[in-house]
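Hi everyone, thanks for making time this morning. I'd like to walk you through one model, piece by piece, so please have a look at it with me.

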Amino acid sequence: MRSAAVLVLGALPIVSSVGCAFDPIDTADISDAEADQALPAIEPVVATLSARESFSSLVVGPGTPQRWSFAVLSDLHLPNPRVLTVDRTIEGLIALGVRLVIVTGDHTNGSDKVDHRRGRVKAWWASVTDALEPLHDAGIAVLPIAGNHDTYLSWQREGYEQAFADLARWAAPFKVNPGTGRGLARSPYSYSLDFDGVHFALAHVVDQAIDRDVADWLTGDLAAAANARIRLVFGHVPLFSVIRRPARQFVDRFGPILEHGHADFYVAGHEHITWDETFALPSGDALRQVTVGCASGFYVFSPSRAAQQRAACERQGARGTLSCTMPNGGRFELARDRSQGMIEHDASTFTVFTVTGDDVQVTPMTVDGDGHLHAFYLGDA
């Protein structure tokens, strides 16, 4: 796999808090009337007209069995006014021919402040499963894990468990290795899958701390996958935040599990941002972390100033757009939203991973209003 510059954690100022990476917008408090309207202040006011990179090489035909793709979505936050964006993304992934789709949490808009809305939980999860059902119908496996917005209250957790109670059906045609540990170290919160020498470990990580039972399960799961060519771990919350300073206690606790398990990638959502960077783990080993963005484009956050510096962001044009290069390669832009924050040029993003032997190609993507998939990174103008 391609080598990349490694960010050493010690080079950054670190906070010791193990709380949430940021104070999330309480999307659960939108009214039914508001849910039928487009949300303001989440899209750039500057249009990006640069040419897109081609992604035709991602299309995998039946004559190339050694080369296959999977997609990772996150933060659907359904139901919301952008459900058509999710539908277009699903349709595009079916056309693209991915083998499986992983959803790294925050399917819904639950929070600890909406206990009065427990009567809506079935409708919430129906909107999620209805959106994902076309993947199953097309023979594409769906592998979910929960996010913080799915699990604050007991009835929210029950809704998640009921939605994916038949995990074997959603994962078909693949067979999962069910998590059989205690508490959250069990399906559908934590489990794994093996395909073509690639190990997928899906772990319940919903804040900047890892549950002890989940840590024990993941340690054993990765040890059992020692012979895999590639090992990928998926959680909801990034190990290294790119919208705020990483939390050292979280890195020191979770990082060694990934390190000792020889994880090649850690893939997450939560921060509503697209990012690809290789970080140094506590002992110095490198870990490539991919944050896949917000598939519905419901709301977005800005990369921290430190992240912008690592992306060599430079001002261009009269309207203050920033031209940046992802730490692991790929040009993108930051433009001002209606609140004057600097956000990435595409609000709705997801990531396609293409596996060829021991190599993994990472392609962040978006979908336009006509349902056409595009590479997130910008090509030459």
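**A walk through the model**

So, the protein chain has 9 helices and 18 strands. Helices here are DSSP runs of H or I with at least four residues, strands are runs of E with at least two, and both are numbered from the N terminus.

A quick word on the ground rules. This is a predicted model, where local features need pLDDT of at least 70 and side-chain atom pairs count only at pLDDT 80 or more, while totals for chains, interfaces and linings use all residues. Residues are numbered from 1 along each chain as its sequence is written, and side-chain values use heavy atoms, with hydrogens and water left out.

Let's take the whole chain to begin with. Of its 381 residues, 56% are buried; buried means under 20% relative accessible area, exposed means over 50%, and partly exposed is in between, with a 1.4 Å probe and protein chains only. The accessible surface comes to about 15200 Å², and carbon and sulfur atoms hold 50% of that. Those areas come from the Shrake-Rupley method with a 1.4 Å probe, and for residues only the protein chains shown count as cover. As for contacts (heavy atoms within 4.5 Å), take those with a separation of 6 or more: 74% of them are between residues 24 or more positions apart.

Now find strand S11, residues 286-292. It is largely enclosed by the rest of the structure, because 6 of its 7 residues are buried. Which strands pair with S11? Two strands count as paired if DSSP finds at least two bridges between them. Strand S9 (residues 265-268) runs parallel to S11, with 4 bridges, and Phe265 has Arg288 as its bridge partner there. Strand S10 (residues 274-280) pairs with S11 in the antiparallel sense over 7 bridges, and here Glu277 stands opposite Gln289. The S10-S11 hairpin has 5 residues between the strands, and Gly284 takes a positive phi near 110° in it.

Next, a sheet further along. Four strands form an open antiparallel sheet in the order S12-S13-S14-S15. S12 and strand S15 (342-344) are at the edges, each with a single partner strand, so one side of each has no neighbour in the sheet. From one strand to the next, the twist averages 35°, using lines fitted to C-alpha atoms as axes, for helices over the stretch in contact, and angles from 0 to 180 degrees between N-to-C directions. Inside the sheet, S13 and strand S14 (residues 331-336) are joined by 4 bridges, and Leu322 has Leu334 in S14 as its bridge partner.

Cys313 is joined to Cys324, with S to S at 2.1 Å. The two are 11 residues apart, Cys313 in the loop between helix H9 (305-310) and strand S12 (314-316), and Cys324 in strand S13 (residues 321-325). The link is right-handed, with 115° about the S-S bond. Cys324 counts as buried, at 1% relative accessibility.

Last stop, Asn80, in the loop between strand S2 (67-73) and helix H2 (83-96). Is Asn80 buried or exposed? Buried, at 5% relative accessibility. A polar atom of its side chain lies 2.9 Å from the backbone oxygen of Leu76.

Technical notes
Disulfide = S-S within 2.5 Å. Polar contact = N/O pair within 3.5 Å; in protein donor to acceptor, adjacent residues only side chain to side chain.
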